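Please look through the sequence and the structure below before reading on.

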Amino acid sequence: MADSHALLIKNVKVFAENDVLSSGYLLLDNGKIEEIGKTGDMDITKLDEDITIIDGAGLNAIPGFIDGHIHGANGADVMDATSEALDTMASILPYEGTTSFLATTITQSANNIHKALANIAEYENKQGYAEIIGVHLEGPFIEEDKAGAQPKEHILTPEVEQFEKWQRISGHRIKTVTMAPEKDEDGALIQYLASHGINVSAGHTAAGIEEMRKAVEYGVSQVTHICNAMSPIHHRDIGVVGAALTLKELRSELIADKIHVSPEMIDFIYENIGSERLILITDALRAKCLTPGKYDLGGQEATVTEDRATLSDGTLAGSILKMYKGAQNMLEITDATLRDVINMAAVNPARQVNVFDRKGSLAPGKDADILLVDDQVQIKYTFCRGVMAFKEDKHEDRTSGKLPGNE
């Protein structure tokens, strides 16, 4: 699983960027999609003798999932600030269909954030692993009353100078910043971020609808984990949730684990926002893939059960959700189709952080990040930049606890 030589995937239903081929093929070479076509039109005689051929046997070929908000998995966390921690995360994520992700920090001391960002700047992506495509800086520019699991003692006032320092340390890899827009009273940081092509997401915020309208004018284009750690809908001020529903400029992250947001609310959100403006995320922490117990989250102890992680006061502390399960939940709860899932888990996150030129859809010239799944989004194969990183019936167990594959 370490070479990205030529590979042919045939007899699959290809969900290409602008079309669906009911019986198609994908030709991969040097980590890229070289060609997509109908299996019946393929000329086998033109293929190299040493090419690897995989018969998809009618499975669906879809783009790999992009998790734009994930803190950790399998015992590792971005804030560990080690290459081993990032390796652990990147090696396990293909099991759940994630082929690229934003390494997400937490509100912590400036020095600890510095260490995490410096570590990511030096990290080299590896073949057969999910690719780190950037950093999601969650905090520390947030509202104390909406901190959730973010340590309140490390909250900072939004400052362009502080962000510039962190961006230099990260090797200019920060792609998304979650912040409370009301804390940036003159919009200086929001406008700076937006003008530099950085995705600004309103989160851990008590903003009202008028503050959100102003924030959108400044450059906010996303909402972090909708319904969680934000002002709810009220009949006199529809808050951040209402803004996400009504302001078309906003895309919204959604933790579709049926815990952070109830099934009824997931369906309501989907009906009002739709697959063009939703982004599926996990917001997972190090306890994902591990057995129940107590684990560290940014210096705080979190208790993990079979389905959730909480702090001592019962506050939800991220999730242990797997991406494929979030996709399955959307199919189960809403009237979303597989194409809608592709939009929410691949297309939208790629567009939101400006990597759609190489990720987020199946098209010639793009990275060969591909999943072969059944109609229920069970992951059968995962290819990361042309390398088979997971196969359902033949794989090594890289987990520290229970296997994180399909349950």
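Predicted model: local features only at pLDDT ≥ 70, side-chain atom pairs only at ≥ 80, totals over all residues.

Two strands are said to pair if DSSP finds at least two bridges between them.

Eight strands form an open sheet with parallel pairing, and their order across it is S6-S9-S10-S11-S12-S13-S14-S15. Strand S6 (65-70) and strand S15 (278-281) stand at the edges, and because each has a single partner strand, one side of each is left without a neighbour in the sheet.

Strand S11 covers residues 174-179, and five of its six residues are buried, so the strand is largely enclosed by the rest of the structure. A residue counts as buried here when its relative accessible area is under 20%.

On one side, S11 pairs in the parallel sense with strand S10 (residues 131-138) over four bridges, and in this pairing Val135 is found opposite Ile174 of S11. S11 also pairs with strand S12 (residues 199-202), again in the parallel sense and over four bridges, with Thr176 standing opposite Asn199 of S12. The pattern continues from S12 to strand S13 (residues 222-223), where the parallel pairing rests on two bridges and Ala202 lies opposite Val223 of S13.

## Helices that go with the strands

Helix H2 (residues 110-122) lies across strand S9 (98-105), S10 and S11, and its direction makes an angle of about 165° with that of S10.

## A position listed in UniProt

Which residue does UniProt list for "active site"? The record, an unreviewed entry, gives Asp283 under that name, and such annotations may be inferred rather than shown by experiment. In the model, Asp283 is located in the loop between S15 and strand S16 (293-297).

Is Asp283 buried or exposed? Its relative accessibility is 6%, and therefore Asp283 counts as buried. Leaving aside residues up to four places away in sequence, Asp283 touches His69, Ile70, His71, Glu138, His225, Ile255, Gly318 and Ser319.

Terms used
Residues numbered from 1 in each chain as written. Heavy atoms only, no water. Buried < 20%, exposed > 50% of the residue type's maximum accessible area, 1.4 Å probe, protein only. Contact = heavy atoms within 4.5 Å. Axes fitted to C-alpha atoms, helices over the stretch in contact; angles between N-to-C directions.
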